[in-house]
Amino acid sequence: MTPLLIAGHGTADADGAADFLRLTARVAARLDAPVGGGFIELSPPPLSDAVHALVANGSRRLAAVPLTLVAAGHAKGDIPAALAREKSRHPGLTVAYGRPLGPHPTVLELLRERLAAAGCDADTTVLLVGRGSTDPDANAEVAKVARLLAETTGLSTVEYAFVSLALPGVPAGLDRCRRLGAAHVVVLPYFLFTGVLPRRVVAQAHDWAAAHPDVPVTAAEVIGDCDGLADLVVERYHEALAGDIRMNCDACVYRIAMPRHDHRVGAAQVPHHHPDDPAHTHAHAH
């Protein structure tokens, strides 16, 4: 069968990188095909090592799944650019590129499970916190997930915020929840694994709670390595092989001239330079 390449962004957090590798192993146990995983930056193994291992046995076609929740710059540009570089390094290699995980029913169910574990009930206000992006389409998708959670739970209010690159930030999001009359807020990090940013979300939530003792705040867990997530990666793998790719291109800044983002239409995408990629010896700060 066609090998599966799981492409991750990378993290400076060792626990987060370990979670990615554990999920890769969990996916491999579900497929009768070789499975490899690597990062485009920040942590080993680099994507180049994973590709090399998969083609070492003679494979000349891969299915690549971007392990991201939203179709932001990493899934739209950085990972495809890295894959293009690998194709140039391995003449004859073809890649069927899958789509990000997105607001899939499985993701929503996993988020509901994390909320239940955090003690959510009908009177709880939820603040969903995404990574944040310079891509308006990606930020809008976080808002969409918040609304989908509100529509599929008995929760009174689901707000959203971002931990970087976009507004509102976590403190501003919590301020809004308080103004809306929240009696208890559960902060739900919209992240696959732990890492620098999810830990920052929790720290900012705790700092806000210390300054506002009238509103209890609980931090839920990230999605994490689990069976549901592994099953979804397998689904995206089969989807890529079948050619049934339904990317969200209607509001993509690389395709559509949107106000304040028109300069990004058709912009060339270049791969990150992973410090562990032997072909690139210089450091790359992101």
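Modeller: In this predicted model, the side chains of D13 and R199 meet in a salt bridge, with N and O 2.7 Å apart. D13 lies in the loop between β1 (4–8) and α1 (14–28), while R199 sits in helix α7 (residues 196–211), so the pair ties together parts that are 186 residues apart in sequence. R199 has 40% relative accessibility and counts as partly exposed.

Another salt bridge joins the side chains of R26 and D227, again given as an N to O distance, here 2.7 Å. R26 belongs to helix α1 and D227 to helix α8 (residues 227–242), so this pair links parts that are 201 residues apart in sequence. R26 is partly exposed, with a relative accessible area of 26%. D227 is partly exposed as well, at 41% relative accessibility.

In the salt bridge between D135 and K76, the closest N and O atoms are 2.8 Å apart. D135 lies in the loop between β5 (125–130) and α5 (136–151), and K76 lies in helix α3 (residues 73–89), so the bridge ties together parts that are 59 residues apart in sequence. D135 has a relative accessible area of 0% and is buried. K76 has 19% relative accessibility, and because the limit for buried is under 20%, K76 also counts as buried.

R26 and D227 also belong to a network: salt bridges that share partners join R26, R30, D225, D227 and D231. The count for the model comes to 17 salt bridges. Side chains of opposite charge can pair when their charged atoms come close.

Helix α7, which holds R199, also packs against another helix. The axes of α6 (residues 170–179) and α7 come within 9 Å and cross at roughly 45°. That angle makes α6 oblique to α7, and the crossing is right-handed. On the α6 side, the residues in contact are V170, P171, L174, D175 and R178. They meet V201, Q204, A205 and W208 of α7. By class, the contact of α6 with α7 has 6 nonpolar, 1 polar and 2 charged residues.

Key
Residues numbered from 1 in each chain as written. Predicted model: local features only at pLDDT ≥ 70, side-chain atom pairs only at ≥ 80, totals over all residues. Heavy atoms only, no water. Salt bridge = Lys/Arg side-chain N within 4 Å of Asp/Glu carboxyl O. Helix = DSSP H or I, 4+ residues; strand = E, 2+ residues; numbered from the N terminus. Buried < 20%, exposed > 50% of the residue type's maximum accessible area, 1.4 Å probe, protein only. Axes fitted to C-alpha atoms, helices over the stretch in contact; angles between N-to-C directions. Parallel < 35°, antiparallel > 145°, perpendicular 65-115°, else oblique. Left-handed = near helix turned anticlockwise from the far one by under 90°. Contact = heavy atoms within 4.5 Å. Nonpolar A, V, L, I, M, F, W, Y, C, P; charged D, E, K, R; others polar.
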